[in-house]
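Student: I have a model open and would like to talk through how its pieces pack. Could you take my questions as they come?

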Amino acid sequence: MKTEPKQTLSNEDLPAANMLEASGVRATFARRQVLAVLLGSNRAMSHLDVQAALPAMDRVTLYRALDCLTDAGIAHKISGDDRVFRYNTGKEQPMHGHQANPQHAHGHFKCTRCSRVFCLDDDSHHNIMTKPWQTKLESSLETTLGAGFQSHEIELTIKGWCADCAQ
């Protein structure tokens with residue numbers, strides 16, 4: 001059985017290690033590194049973006065770490081119309097042994113020039129998909145399609161040009 005080499009925690013890894021521990025996920029070196037990169041980004045990152053930030057990590061380990069973080073509810077996976085998945089931590093709080101937010105419900109802004117994706121919720125703004133919006137959407141779903149339909153995911157993407165591309 002292959003064992004992981006002992007790695008010391010850096011200051012950047014500490015919040016990531018704490019989040020992993022709080023969610024009940026084993027805090028491997030790879031998971032800590034990937035989560036630290038996502039936590040340090042102000043936008044959603046593609047696999048290639050994360051790989052560029054962690055060039056020493058092999059591709060399979062990176063995919064596994066991203067899948068683990070997504071499955072644990074620590075990060076979320078955003079599917080783009082360009083068929084590229086992007087990952088972000090958002091503001092979900094993981095719960096031990098459960099996905100924190102099975103219905104990832106907040107908005108995104110996608111730049112149509114550079115393809116960067118930004119989450120529309122942070123500490124300075126309220127989540128655009130607040131409970132009243134979710135309730136209205138659920139009501140609209142039932143009105144349009146009839147009783148018995150249940151959504152499990154709501155995606156809202158605003159497309160335009162980011163500040164860098166608009167100049």
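Student: How are H2 and H4 oriented to each other?

Tutor: H2 and H4 pack at an angle of about 70°, with their axes 9 Å apart, and are therefore roughly perpendicular to each other. Axes here are lines fitted to C-alpha atoms, for helices over the stretch in contact, with angles running from 0 to 180 degrees between N-to-C directions; under 35 degrees counts as roughly parallel, over 145 as roughly antiparallel, 65 to 115 as roughly perpendicular and the rest as oblique. Helices (H or I, at least four residues) and strands (E, at least two) are DSSP runs, numbered from the N terminus.

Student: What kind of model is this, and how are residues numbered?

Tutor: This is a predicted model, in which local features need pLDDT of at least 70 and side-chain atom pairs count only at pLDDT 80 or more, while totals for chains, interfaces and linings use all residues. Residues are numbered from 1 along each chain as its sequence is written, and side-chain values use heavy atoms, with hydrogens and water left out.

Student: Back to the pair, then. Which residues of H2 and H4 meet?

Tutor: From H2 there are Ala30, Arg31, Val34, Leu35 and Leu38, and from H4 they meet Thr61, Leu62, Ala65, Leu66, Cys68 and Leu69, where contact means heavy atoms within 4.5 Å. These residues divide into nine nonpolar, one polar and one charged, taking Ala, Val, Leu, Ile, Met, Phe, Trp, Tyr, Cys and Pro as nonpolar, Asp, Glu, Lys and Arg as charged, and the others, Gly among them, as polar.

Student: And H1 against H2, what angle is that?

Tutor: Helix H1 (residues 13–23) and helix H2 (residues 29–39) pack at about 110°, with their axes 8 Å apart, and are therefore roughly perpendicular to each other. The contact involves Asp13, Pro15, Ala16, Ala17, Met19 and Leu20 of H1, together with Phe29, Arg31, Arg32, Gln33, Leu35, Ala36 and Leu39 of H2. By class, the residues of this contact divide into nine nonpolar, one polar and three charged.

Student: Which residues of H2 end up buried, and what covers them?

Tutor: The buried residues of H2 are Ala30, Arg32, Val34, Leu35, Ala36, Val37 and Leu38, where buried means under 20% relative accessible area, exposed over 50% and partly exposed in between (1.4 Å probe, protein chains only). Their cover includes H1, strand E1 (45–46), helix H3 (47–53), helix H4 (59–71) and E3.

Student: E3 is on that list. Is Tyr87 buried or exposed?

Tutor: Tyr87 is found in strand E3 and counts as buried, at 3% relative accessibility. Leaving aside neighbours within four places in sequence, Tyr87 is in contact with Leu38, Arg43, Ala44, Met45, Leu66, Thr70, His76 and Lys77. The C-alpha atoms of Tyr87 and Ser46 are separated by 6.2 Å, although these residues are 41 residues apart along the chain.

Student: Where does Thr89 sit?

Tutor: Thr89 lies in the loop between strand E3 (85–88) and strand E4 (107–111), and counts as buried at 6% relative accessibility. Not counting residues up to four places away in sequence, Thr89 touches Leu35, Leu38, Leu39, Ile74, Ala75 and His76.

Student: What about the backbone, say phi of Arg83?

Tutor: Phi of Arg83 is near 65°, a positive value in a residue other than glycine. Most residues other than glycine have a negative phi. Arg83 is found in the loop between strand E2 (76–79) and E3, and is exposed, with a relative accessible area of 80%. Ser115 also has a positive phi, of about 70°, although it is not a glycine; it is found in the loop between E4 and strand E5 (117–119).
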